[in-house]
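Subject: Structure handover

Hello,

Here is the structure for you to look at. My notes follow below it.

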Amino acid sequence: MMIRALATTAGVFALLFAGTATASAGPIVGVAELTHNPLYKQGRLPAISCKATKGTTKASTTRYLNKVVGCLNSAWRKTIEDFTPVVVGVRTKVEGGLCLTGLQVSGSFAASCRGSIQVQLGSDWIKAKSDQAVLVEVTRAYAGAVQAQAGISEAWWALPAGDEEDGGEEQMRRFYLQADCLGGVSMKILGRSAKNWKPLLTAETPKEYGRFNWYGKPANRLHWFEQGYRSQGPGACNTWKAPSSKVA
């Protein structure tokens with residue numbers, strides 16, 4: 001049984017358990033929404049000045065999260081036709097689990113869900129003096145909203161079923177690694193930098209996610225994040241045409 005993302009043209013993006021849906025391994029062929037999406041034609045996105053400061057109270061952290069997403073809306077709004085600003089829903093405890101899947105997370109998390117960003121805000125994020133790892137998690141959740149609005153999420157979910165040995169896991173990794181790449185774009189847009197991004201990519205990932213291999217090898221995850229960061233544009237994030245070795 002695997003975790004897979006379900007998306008519709010309305011931007012719904014929820015994690016569901018799927019035991020039978022599969023997809024062929026290898027680069028995708030014949031699905032333009034994935035391999036030739038108009039999103040990739042967007043050039044380098046302009047950097048923005050985002051004066052978002054995270055305090056160490058629930059109120060200040062909530063304001064910070066809304067400010068960051070507002071800045072990202074300003075940066076991405078021209079990249080997708082009929083773009084809808086992404087909103088943030090912040091809760092102390094998200095009932096029903098991660099995007100209504102029942103997957104309970106004990107600490108803080110941010111996830112793309114139904115066209116918005118769902119945040120469970122706990123003391124770990126509130127008390128954090130540095131926002132760097134939190135921001136990596138939030139920009140990755142924002143990437144999921146971008147994928148949904150661009151039609152990528154729905155196209156991935158609609159990949160034909162089959163009996164491939166990997167059960168569609170390679171194409172799942174292509175989807176999640178693309179989110180890392182788009183997250184890298186957002187971090188560059190926001191003017192953030194780090195000597196080493198590798199530990200930050202997993203620093204705020206809930207421990208409950210540990211049993212799911214959504215991203216593959218850490219080296220490939222870092223590769224795609226840095227692809228987006230260096231390019232500062234979504235054109236570098238076409239994981240669907242990449243060789244299998246780059247998404248292993």
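**A strand pair**

Val90 stands opposite Val119 in β5. Val90 belongs to strand β3, residues 88-91. Strand β5 covers residues 116-120, runs parallel to β3 and is joined to it by 4 bridges. Two strands count as paired if DSSP finds at least two bridges between them. β3 has two faces: Val88 and Val90 are on the covered one, Gly89 and Arg91 on the uncovered one. In a regular strand, side chains alternate between the two faces of the sheet.

**What you are working with**

This is a predicted model: local features need pLDDT of at least 70, side-chain atom pairs count only at pLDDT 80 or more, and totals for chains, interfaces and linings use all residues. Numbering starts from 1 along each chain as its sequence is written, and side-chain values use heavy atoms, with hydrogens and water left out.

pLDDT is the predictor's confidence in each residue, from 0 to 100. Its mean for the protein is 86, and 87% of the residues reach 70 or more. Over residues 1-22 the pLDDT is below 50, yet this stretch has 73 contacts in the model beyond near neighbours in sequence. Contact means heavy atoms within 4.5 Å. Where pLDDT is low, the predicted coordinates should not be read in detail.

**Overall build**

The protein has 8 helices and 5 strands. Both are DSSP runs numbered from the N terminus: helices are H or I with at least four residues, strands are E with at least two. From the N terminus on, the order is β-β-α-α-β-β-β-α-α-α-α-α-α.

Of the 248 residues, 54% are buried. Buried means under 20% relative accessible area, exposed over 50%, and partly exposed in between (1.4 Å probe, protein chains only). The accessible surface comes to about 11,100 Å², and carbon and sulfur atoms hold 53% of it. That area is from the Shrake-Rupley method with a 1.4 Å probe; for residues, only the protein chains shown count as cover. Among contacts with a separation of 6 or more, 75% are between residues 24 or more positions apart.

**Disulfides**

How many disulfides does a search of the whole structure find? There are 3. The cut-off is a pair of cysteine sulfur atoms within 2.5 Å. A disulfide is a covalent bond between the sulfur atoms of two cysteines. With the bonded cysteines numbered in sequence order, the pairing is 1-2, 3-4, 5-6.

*Cys50 and Cys71.* The sulfur atoms are 2.1 Å apart. The pair links distant parts of the chain, 21 residues apart: Cys50 is in the loop between α1 (32-35) and α2 (58-76), Cys71 in helix α2. The link is right-handed, with 90° about the S-S bond. Cys71 counts as buried because its relative accessibility is 8%. Leaving aside neighbours within four places in sequence, Cys50 is in contact with Lys67, Val68, Cys71 and Leu190. Ser74 is 24 residues from Cys50 in sequence and 10.0 Å away in space, C-alpha to C-alpha.

*Cys99 and Cys113.* Here the sulfur atoms are 1.9 Å apart. Cys99 is in the loop between β3 and β4 (109-113), and Cys113 is in strand β4, 14 residues apart. The torsion about the S-S bond is about 85°, so this disulfide is right-handed. Cys99 counts as buried at 3% relative accessibility. Cys113 also counts as buried, at 6%.

*Cys181 and Cys237.* The S to S distance is 2.1 Å. Cys181 lies in helix α6 (residues 169-189) and Cys237 in the segment after α8, so the pair ties together parts 56 residues apart in sequence. This link is left-handed, with -80° about the S-S bond. Cys181 and Cys237 are both buried.

**Asn238**

Asn238 is also in the segment after α8 (218-231). Why does Asn238 count as buried? Its relative accessibility is 15%, and the cut-off for buried is under 20%. A polar atom of the Asn238 side chain lies 2.8 Å from the backbone oxygen of Thr35. Not counting residues up to four places away in sequence, Asn238 touches Leu34, Thr35, Tyr40, Gln178 and Trp224.

Best wishes

Conventions:
Polar contact = N/O pair within 3.5 Å; in protein donor to acceptor, adjacent residues only side chain to side chain.
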